[in-house]
Amino acid sequence: MFAIFWRTVRDRKISLIIYSILGILLLAMYLSFFPAIQEQAQSLQELMKSYPESFLKAFGMEDMIFNNLESYLSTEQFSFMWPLLMILLLVSFSGSAIAREIERGTAEILLALPVSRLKIFFAKYFAGFFNLIVFVLASIPSTILLAKLYGVEYKSEGYIIMSLLGFMFALATYSFSMLMSVLFSEKGKVYFASAGLIVIMYVLNIISSLKDSVSDLKYFSFFYYFNAGDALVRNHIDHFAYWIFLGVAVLSTVLAAVWFSRRDIAV
Amino acid sequence: MSVIEVKNLKKYFGSTKAVDGVSFSVEKGEIFGFLGPNGAGKTTAIRCMMDFIRPDSGRISILGKDAQSQSVALKAKIGYLVSGIYLNDYWTGLDHIKFVEQIRGKSKIVRDLVKEFSYNPRIKVRSLSTGNKQKLGLILALMNEPEILILDEPTAGLDPILQNSVYRITRDFQKKGCTVFMSSHNLPEVEKICDRVAIIKDGKMADVEKISNLKGKKMHNVAVYFNGPVDADKFKLKGVEIVEQMPDGVNFKVKGDINPIFDELAKHSVKNVEISGATLEEIFLEFYQKEK
């Protein structure tokens with residue numbers, strides 16, 4: 001099992017390194033802008049007042065305080081760019097972990113070995129989990145080091161809470177995407193199904209903020225539970241978010257493992 | 001003693017009956033051929049044997065173990081050559097070999113096999129020719145000296161010299177007690193190395209024969225040139241088929257005993273006769289025509 005895990009990690013190391021570096025570079029970019037933003041904080045705050053409240057809420061900007069690093073990063077980095085990088089990394093990993101192996105026939109090499117399908121699945125799953133951990137650690141707690149480097153004031157507790165929330169969001173996204181990878185035999189379909197669902201959830205979250213009549217739709221969106229402002233600024237994660245993210249992760253993983261053990265695997 | 005037993009194997013994909021009630025058994029130490037045209041169900045049957053896909057009904061037993069419920073234990077004893085060589089493009093041959101060794105254990109013969117096949121394991125798979133990919137696939141299947149070899153089209157893409165190497169290595173494995181199950185389109189190859197052959201058509205077994213019996217189903221192509229006009233209908237004998245009528249002769253296909261046609265020819269003035277024994281391929285095709 002370890003051989004399959006390690007081989008999968010090695011095969012995907014380049015994309016992991018690239019995405020992790022991108023996450024750090026984006027942070028560095030936002031941090032380099034921050035002193036200038038701080039100087040303009042008052043006028044920017046005035047500008048924000050002119051936006052409709054529902055608009056600010058839809059894009060997670062309702063608590064935006066421009067002279068607070070955590071508030072600034074929760075909006076600029078962690079509400080959109082970070083989820084985008086995370087989703088691209090993990091959906092592409094899961095698409096290639098199972099579906100691509102089936103699509104290209106390389107799954108036969110694994111299946112011909114004296115290793116159970118469950119072990120194959122979990123070796124692949126944990127390789128992705130390793131990617132997830134590395135990316136989360138590289139792209140969230142690293143803010144503390146970068147903030148020190150740029151001489152910006154920060155509150156370290158928020159980044160620990162944010163890492164936990166980011167980890168759970170990433171785990172749910174990854175596990176669901178692995179389920180798609182097991183269900184489909186083509187990576188294109190995995191990308192389409194996973195990314196499609198995530199886009200739908202993103203749109204649902206925005207729509208629910210814009211119209212009161214459909215506000216309950218937010219409960220069907222990961223983005224509602226992934227409240228970066230709450231985690232970074234108030235150091236708080238809604239209990240419901242734990243249940244939703246962990247529930248989706250566990251259910252998707254169990255279904256994926258069972259289905260992979262039972263399904264026909266042929267090109 | 002049977003080491004592979006397939007009983008009434010059925011595998012349907014929707015309304016397509018890929019394998020429809022196939023049964024055969026393979027004895028220990030024999031080289032068993034599995035013949036059939038494209039789409040006959042050979043690869044589907046092999047994938048069921050390897051537990052890549054699950055049969056709708058029927059039973060597959062290998063070395064006395066159920067091929068589905070005990071597949072992990074069985075795969076430790078099976079060397080499998082994938083059809084079309086589905087290898088990882090970005091790995092080198094050495095990466096593949098090391099990966100298999102990490103799971104199956106250190107190979108004692110991999111160096112010999114690499115040398116035997118004149119294969120360079122340091123090149124990435126994406127840069128290899130089809131023949132070299134096939135070599136790597138064979139090395140991976142053979143390197144852990146399995147008790148059973150399941151080879152799907154083992155000589156596809158190999159030149160005649162390497163084909164002969166594969167035949168020799170396969171026979172060497174047989175001598176060591178290995179049982180070989182191989183699918184093939186190449187009938188002369190089956191004729192060369194197999195002890196018995198199963199013929200599959202449209203998912204159903206056409207026959208299981210010893211190679212010698214298959215050859216015993218004699219068939220001849222006879223071209224006769226006459227000195228004058230002849231009524232071809234006089235040659236409508238049992239087992240004789242008129243393939244082509246020429247201005248001065250007739251081409252016949254003769255199944256079974258060739259003497260009746262000579263008895264009839266003796267009544268005519270014959271200018272020339274050309275007789276050729278049918279190849280195994282023609283015999284094989286005849287099976288299908290017979291079934292149609």
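This report covers the domains of chain B, then a helix pair and annotated spans in chain A.

## Basis

The model is predicted: local features need pLDDT of at least 70, side-chain atom pairs count only at pLDDT 80 or more, and totals for chains, interfaces and linings use all residues. Residues are numbered from 1 along each chain as its sequence is written, with chains lettered from A and ligands numbered from 1 in the order written.

## Domains of chain B

Chain B splits into domain 1 (2–210) and domain 2 (217–291). The bounds come from an automatic or database domain assignment. Their C-alpha centres are 39 Å apart.

## Helices α5 and α10 of chain A

Helices here are DSSP runs (H or I, at least four residues; strands are E, at least two), numbered from the N terminus. In chain A, the axes of α5 (residues 69–104) and α10 (residues 187–210) come within 8 Å and cross at roughly 150°. Axes are lines fitted to C-alpha atoms, for helices over the stretch in contact, and angles run from 0 to 180 degrees between N-to-C directions. α5(A) is therefore roughly antiparallel to α10(A) (angle over 145 degrees).

Contacts require C-beta atoms, placed from the backbone, within 7 Å. Among the α5(A) residues that meet α10(A) are Ile87(A), Val91(A) and Glu103(A). The α10(A) side includes Lys187(A), Tyr191(A) and Ile198(A).

## Annotated spans of chain A

An unreviewed UniProt entry places "transmembrane region" at several spans of chain A, including 16–37 and 80–99. UniProt annotations may be inferred rather than shown by experiment. Residues 16–37 of chain A are 100% helix and 0% strand, with end C-alpha atoms 31 Å apart. Residues 80–99 of chain A are also 100% helix and 0% strand, with end C-alpha atoms 27 Å apart.

Terms used:
Parallel < 35°, antiparallel > 145°, perpendicular 65-115°, else oblique. Contact = placed C-beta atoms within 7 Å.
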